[in-house]
Structure formats: C-alpha cells, structure tokens
Amino acid sequence: MNDTVAQRIALALKRHGVTTIFGQSLPSAVILAAEALGIRQVSYRQENAGGTMADGFARISGTIAVVTAQNGPAATLLVPPLAEALKASIPVVALVQEVERPQAERNAFQELDHPALFQACAKWVRRIVTGDRIDDHVDAAFVAAGSGRPGPAVLLLPADLLREIAPVAAAPRRASLGHWPTDLIQPAAGAIRDAAAMIAESRFPVVIAGGGVHAAGGFHALARLQEAAHLPVFTTLMGKGTVDEHHPLSCGVLGPLVGPRSLGRHSRALLAEADLVLLAGTRTNQNGTDSWRLIPPGARVLHIDVDPNEIGRNYEAVRLVGSAGPTLAALCDALGTLDLRHRAATRPAVEARIAGLWQRFEADRRDVTARRPGPLRPERVMAELQYRLTPDTIVAADASYSSFWVAGQLRSLGAGMRFLTPRGLAGLGWGLPLAMGAKLARPAAPVVAVVGDGGFAHSWAELETLARSGIALTVIVLNNGILGFQKDAETVKFGAYTTACHFAPVDHAQIARACGCAAARVEDGAALPGALELALRSDRPWLLDVMTDPAAHPPLSLFDGTLDRAVD
C-alpha cells in the first residue's frame, strides 16, 4: 500500500472516529486525503473562530475535535482558542503545517518557531520529522488531548513530508482513541469510604459542581448523589446544567452573581452555613468563587478533580483524585451503606428554604423581566428565551456580560442540559463559534448563541460560514452600543471610562442578510416574542439584533454598593 504521509494521517483520524475537521484547506495534502475518506471539512473564515468551533464541538460530542491551520500568521491565530481550551480543559488536536524541511531556519516564507509559539497554550507539542511513525504520533496527540486533565495537543507537519510515501508499519495500530476522557479513574476505595463518612456525619454538607462534571456524563452521577444523599447543589458558570435547576435541592449558579436582583443575593447565605463543601470538577478559579470569598472558612472541603494539582490550590482539601463521574457514583454507593436519616429528616426544611430563595429572586427581578415600554432589558430577553427552551436546547454565550446573563437568568430544565460559556480565559468573540461547533456536534438540537455587540464584532465573518455550511442556529445580539463590562468596570475603579467604550451604530441584521442568513432587528418588547418564535422554529441560520438598554448590567459583586448603590 503506497499511502503518502498525509493519507496515513487521514486514515489515523478516521480510525479515531473523526467525522469533522475545522480547517481552511491547509495543510492541503491532509485535507484532501481526509475529504477523500468522507471526513467533512468545515471551512472557517478565521483561525480564532475555527479553534473555538472545535472547542464547542468537543464539549458537546464527547469526541476529541480536530482543527487545522497553515504555518506562520494562521498558526498564531490558533493561540487564543487553544489557550481557552487549555484553561477550560477541552481536548482539541491541532494539525499545523510547517515549512518544508530543507527550508527550515532559512527565513522561509511564513516560517515561525511553532514549538515556542504553542508551548504556553497546549499540553503537548510535537513535530513529525520522518514518515515511519505517523500512527504513533497521531495516537500520542489524541492520548495527550483526552487523558488526565483534557486540553489541546499540537502536531506540526512539514509540508514536504506530507507528500512522501509512508513506510509500511510493522505493527499497524487499531485502537480508536477519539472519545474523551480517554481514561476514567477514581480514588481508592478507602478514600471513598472516608469521604462518604465525612459527608454523612456533617451537619450541613453542600456540593459545588464545576464544568468537569459534564465530562463523560458525570451529571448522571451527580443527580443520583443529590437525590440519594439529600445534598443541596450549587454550580459554577461552567458547571451550569450539571443539575436540573428545578430540582428542589438545586441552588443555581453562584460565583460573582451575588448583587441585587440575583439568586446569589439570597443563596450565598445558605452556602455560608455549610460545614462541609464537596467540590466536584472545578478549579476554584476567581469567577467560580467570587474572588475566593464564598466557601466558609471553617468548612471542611472535599475536592474531586482529575488534575491532582488543582486539589489544594486555593483551599486545603481532602484529596479525591479522579474523574468526576465515577468518583461521584462511588461516593453515592458508599453513602448508601451509611445512616442518612438526619439528612432525610431535615430535607423538607432545606427544600422549603431553597424554594424561598428562588421565589425571592423571581420577585426581585420582576420589574426588569416584565413586559413594559422602554428600552429592552437583557433580563427580559432571557425571560422570553426561557419560555422557549427545551431540555435539549444548547445555549452558548460570549464572554463578559453575555455569559452572566445566560448563567444567572436562564434556568436549566434537566441534568445534562448544556450552557456553553468561554470561562477558561473569557475572550470576546467566542460565543458564535462555540454555538457553531455545538450545532455541528448535535444537529438535531436547537442551538442559541447569546452575544453582545462588542464581542460579536470579533466573529461577524462566520455568519458567511453559517450560511455556506447550512448551520441552522439562532444568534441573539444584545446590542447596547457599548463595551458594557469595560465601561462599568472602569467607572467603578476610576470614576471615568475611556473613549473605546462607545461604538458607532451597527445594524447587525443587515450584515447577517448580506451573508445569506435570515435576520430581524428588534427595537421594542412587543416584537420580541414573535421574532424569537420565528427564529427558533426556522431551519435556516437566524440573527436577531435586539436593541437593549445600555444602562443594564448583571448583578456582579463588583457593582454591589457602587453602580448598584441605589438598588436593593
């Protein structure tokens, strides 16, 4: 068999179950070989967006996503999405073209030190220099991306090598390594028993679930533990959807959403009473803990995480190194052998208290979610969207305020419902491509992207990709004409804001139509329900340019007592 190196790479991708590559023709030899095998290339307009599409695809499909790029400037544009995937623990394999080997270190066209470039934003970076170990290298990239704490792996491919005939492998590889996590691990049985005993003996234990619980269906185990052990569950922003937020023991998203008109305004008091906190699949980052102020200082902490270095980083904790799903399931089994009658007896009172938190939240935000004249508040937009969600709907948000509107105003309808937010590094412009990757991973699911006009300007070009590729999702642009978080944060910190915070008027609906998408501009609340119905029922890509109140901001702790001084 006289396969070229490029064909051998494509065959390895096929063996790992790869059905989709996010690329822009390069490395051409690899893309041509992959398309010949039936692997679809989704051609992005810019690498930053393409890498984020791969991120969204991996989050929803449970498979390791593949993105490709040319050497030089194209490769540099992969750095932001790979950095997000690294921090958010999402497995992506990047195939990056290199200059031809005889031209290396001679200032060849678009030559760059790619190993140095990717060192800070990938788990693993390798250059293939000979054709005799192609399958070894591709398999190693998939293992690196999907094992341990997932993240990006980068394989560098010299252009001339791709055209060479690959030697016949002495021992052909047959393993399929495309699903993640590659390995599911859990702590020793003794550690599980000890942790279960601590939970059973605690007066008021609670759970804080992070994004790691979504991996490999860990939310099933969490739902079982929540119910069987009578545990109140809070989530981080990335952990949203790991539990049904209509379950009587679900306390919603906390993090920095603790200002006026927030659920956290009321629920943080419940967390403050905990004598034991079980952290599951969270890196205890700044946003997830409201700058490390939420977990009670006197509470014992148990921490489940696949990355041993995250346990104890910010809180001294009982170490439960393992995948969230099997570890939570093992804890549930162990708790089933212990006396939980006290927890069962106090459950009705805890449920009543949690129901009261949600009721007070609804009462607090009624004035901004009600249908009334005047500028549309984002809370109102989210309330109208909530009426139209199903448990299968996937909502993706851009960074900044969009993430907080989605996390704090929408309510999960079932364990495992997906809300995608770029909270690894929180770069602007990633909401739309995250949604695109999600829709390609799960074509039958309704997908909504919620973006601000500031962030959306980073990814307008992908509207053409939506139309050309037939990716039927709904984009909601919260168009307030400003960089909202930047303006508000500068106002709080400096008493003034820079000239970059205000934009010229932009009609995003016209941009969308020019790219081949359906679109409407929504300027008043009366038009909003009908526009949402039309967009969400369509089999075409749709954009709603919703004109929103520039004075509105999420209820973040940063603004409590500052911008929100007069609200309570």
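The legends below describe close-up views of a predicted model. Local features need pLDDT of at least 70, side-chain atom pairs count only at pLDDT 80 or more, and totals for chains, interfaces and linings use all residues. Residues are numbered from 1 along each chain as its sequence is written, and side-chain values use heavy atoms, with hydrogens and water left out.

**View A. Crossing of helices H9 and H12.** The axes of H9 (residues 189–201) and H12 (residues 324–335) come within 9 Å and cross at roughly 65°. Axes are lines fitted to C-alpha atoms, for helices over the stretch in contact, and angles run from 0 to 180 degrees between N-to-C directions. Helices (H or I, at least four residues) and strands (E, at least two) are DSSP runs, numbered from the N terminus. H9 contributes Ile192, Ala195, Ala196, Ile199 and Ala200 to the contact, and H12 contributes Thr327, Ala330, Leu331, Ala334 and Leu335; contact means heavy atoms within 4.5 Å.

**View B. An open sheet of 6 strands.** The strand order is E9-E8-E7-E10-E11-E12, with parallel pairing; two strands pair if DSSP finds at least two bridges between them. Strands E9 (250–253) and E12 (318–321) are the edges, each pairing on one side only. From one strand to the next, the twist averages 15°.

**View C. Strands E8 and E9 with helix H13.** E8 (residues 233–235) pairs with E9 in the parallel sense over 2 bridges. Val233 stands opposite Ser250 in E9. Helix H13 (residues 341–369) packs on the sheet and touches E7 (205–209) and E9. The direction of H13 makes about 40° with that of E9.
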